[in-house]
Amino acid sequence: LKRSSRGVPDWLKGQGMANRGTNFGAQGQQTSDQCAIHVCTICRAPIKLSYFVIILFVWQLVEIGKRSSNQSTEWLLEQVFLAAGKQAILLLTVLCHEFGHGNMARYLGGEISHILLWVFGGICFHTRPPGDGIDNAKLLRNDLLVVAAGPITHFIQAPIWGFLLWGLFHLFTTSPGSTLYYTAWDAIVDAFIPLKGVQSWGVLYTNGRWAAIVWTLVGSAIQVNVVLFLFNVFFPMYPADGSKLLVTGLMFLCGMSPRRAALVLLCVSVPCALLLIAYSALTFFNFLQTGMQDTNIFFSSLAGWMGVMSLSEANNIWNLRKSRQLHTHGLFQTARSWRRTERDSFGVIHRINHSDLDDDDVVTNFSCRDVWTSLTGGGRCSDCVGGSGSICGCLCPCLSRPVQEEPPREMDQVEAATLRVQRGHLLELVEQRQADHQRGTRPGSRQQQQRGSLSPGPR
C-alpha cells in the first residue's frame, strides 16, 4: 500500500484525504504522526514502526505462553524464535516493497519523506516529481511506474530466498530423500505454492529442531513474497497496488477518462471489500459457536477492518465523482486539466482553466513506448553515480556518491551580441507593424469624421 506525500499539507491535498475518518489515508497519517516510533534511517529514508505492530507481536507471544503450560522450555524458545523470525521476515519484505515505490519516485525526480510499517502493511510517503501537475501524460506515466515498482521487488526477493533454500538443501541433505525432497527444485516449488509450503519433518529428524526452524523460516519467506504479490496485484481492493495498476493502466494505456476509470475502480473494489468483511464475520461467528481459541481471529478482524476502510475510500471517491471534484483525489488528478483549448475565428487559443469542476474530455491515448523511455532515460535522479541518470544509482542511493552540481555557464561576448541583435530586430519588426497599422486606420477615421460633419442635421 502506497501513498505520496510532502508533509501533512501536501499529503492532504495531493492524495485527496482531507476528510478525517476510517479511510487508509487518514488512519495512516494519524498513525505515522501519533502512534509510531522512529526505528532507523536507511538510505536517507526514515523508517517508522507502528505501536500496533509491537502490540500484535506481544499478543502472539502471550498466545505462545498460554500453550506452553505442558511443554518444555526448549519448545517455548523454539516457538518464540519462530514467531520472531516470521515477524522479521514480514517486516523486511514489506520494507523492500515500499522501498520499491519510493526509489522509483526518486528515480523520477521525487524524494522519500519516510516509510511507515503498520499492521496493514506499509506506506511510503514520498514527494512527486516537479512539474507532474502540468503534463497529464507525465503524471499518469509516473504514477504507473511508481505503483508497479513495489510488486516488482518480489521478483527479486523471492529468487534470493530460493537460492538460500537451495543452499540449505545441500547443507541438510545427508542421504537422498532425507529432507523429504530428492532435489532442491522440488523444495523450491513447494515453497512457491501458498497453501502448501515446504515440509520440515525430514530436516527435523535428520538435523534437529533448530535446523528445521531455519528451513521453515526460509520457506515461509518465499511464501510471504508470493502471497503479498498475488494479493497486491490480483486483489484490486483500493488502495492496494492492484487497483491502482488497473486505474492508471486504463487511463494511461487505454485513454479512459478519469471519471469512467473511477467507476470501474468502484465496481471492482467494493466487492473485494465486502468479501473481506464476509470472511471476517464468518470467522467471528465460528469462534462464537465453537468457543475455541483461534489464533486467526485477530488477523481476520484486521481483514474485516481493511474492508471497512476500503468501503470508506470507495464512498469518498463516489462522493467526489458525484460532485465533480474527482481531481482533488490523488489518483485522479488528471480529471481536471490546468488549461483549456478553445477555437475561435482567429485560431486555437489556450486559456487557463479557472473551473473547479472536472473535465469531460477523454485523456489522450499514450503508448507503452513512453513507459520504456522513462525507464531507460526519463529519470532525473541527481544522486546517480557519475551523473549518468541510471536507475541503479537511485535504487541503491546508499552506494552512490552525490554528483557535484556544475556552476551555470556564463554567456560569452559573441552570444550576448547575437542575442542583442536578434532582440533589436524583433523590436524593430514590432514597431514597424504598429506604425503600418496606425497609417492604415488613420485615413478611414478622418473620412468618417468628414462625413459626420457634412451630414445634415434634423429639421
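What follows is a series of questions and answers on salt bridges, backbone angles, helices and contacts.

Trainee: What kind of model is this, and what pLDDT do local features need?

Mentor: Residues are numbered from 1 along each chain as its sequence is written, and side-chain values use heavy atoms, with hydrogens and water left out. This is a predicted model, in which totals for chains, interfaces and linings use all residues, side-chain atom pairs count only at pLDDT 80 or more, and local features need pLDDT of at least 70.

Trainee: How many salt bridges does the structure hold?

Mentor: A salt bridge here is a side-chain nitrogen of Lys or Arg within 4 Å of a carboxyl oxygen of Asp or Glu. By that rule, the number of salt bridges in the structure is six.

Trainee: Where do Glu111 and Arg44 lie, and how many residues apart are they?

Mentor: Their side chains form a salt bridge, at 3.7 Å from N to O. Helices (H or I, at least four residues) and strands (E, at least two) are DSSP runs, numbered from the N terminus. Glu111 is in the loop between helix H4 (73–108) and strand E3 (112–118), and Arg44 is in the loop between strand E1 (36–42) and strand E2 (45–50). The pair thus links distant parts of the chain, and the separation is 67 residues.

Trainee: Is Arg106 buried or exposed, and which residues share its network?

Mentor: Arg106 meets Glu111 in a salt bridge of 3.0 Å, N to O. Buried means under 20% relative accessible area, exposed over 50%, and partly exposed in between (1.4 Å probe, protein chains only). With a relative accessible area of 3%, Arg106 is buried. Salt bridges with shared partners make one network of Arg106, Arg44 and Glu111.

Trainee: Which parts does the salt bridge between Glu78 and Arg209 tie together?

Mentor: The two side chains meet at 3.2 Å, N to O. Glu78 is buried at 4% relative accessibility, whereas Arg209 is partly exposed at 43%.

Trainee: Which peptide bond is cis, and what is omega?

Mentor: Most residues other than glycine have a negative phi, and most peptide bonds are trans. Pro239 is in the loop between H9 and helix H10 (241–252). The cis bond runs from Tyr238 to Pro239, with omega near 10°.

Trainee: What is the phi of Leu180, and where does Leu180 lie?

Mentor: Leu180 is partly exposed at 47% relative accessibility. Leu180 is not a glycine, and its phi is positive, about 70°. Its place is the loop between helix H6 (154–172) and helix H7 (184–191).

Trainee: What is the phi of Cys43?

Mentor: Cys43 is in the loop between E1 and E2. Its phi is positive in a residue other than glycine, with a value near 55°.

Trainee: How many disulfides are there?

Mentor: A disulfide is counted when a pair of cysteine sulfur atoms is within 2.5 Å. Among the cysteines, Cys35 is partly exposed at 22% relative accessibility, and Cys40 is partly exposed at 30%. By the distance rule, the number of disulfides is zero.

Trainee: How far apart are the end C-alpha atoms of helix H12?

Mentor: The expected span of a helix is 1.5 Å times one less than its number of residues. Helix H12 (residues 297–322) has 26 residues, so its span should be 38 Å. The model agrees, with the end C-alpha atoms 37 Å apart.

Trainee: How far apart in space are Thr174 and Thr206?

Mentor: Thr174 is in the loop between H6 and H7, and is exposed at 59% relative accessible area. Thr174 and Thr206 are 32 residues apart in sequence, and their C-alpha to C-alpha distance is 7.6 Å.

Trainee: How far apart in space are Asn142 and Gly109?

Mentor: Asn142 is in helix H5 (residues 136–152), and is buried at 3% relative accessibility. Asn142 and Gly109 are 33 residues apart in sequence, and from C-alpha to C-alpha the distance is 9.8 Å.
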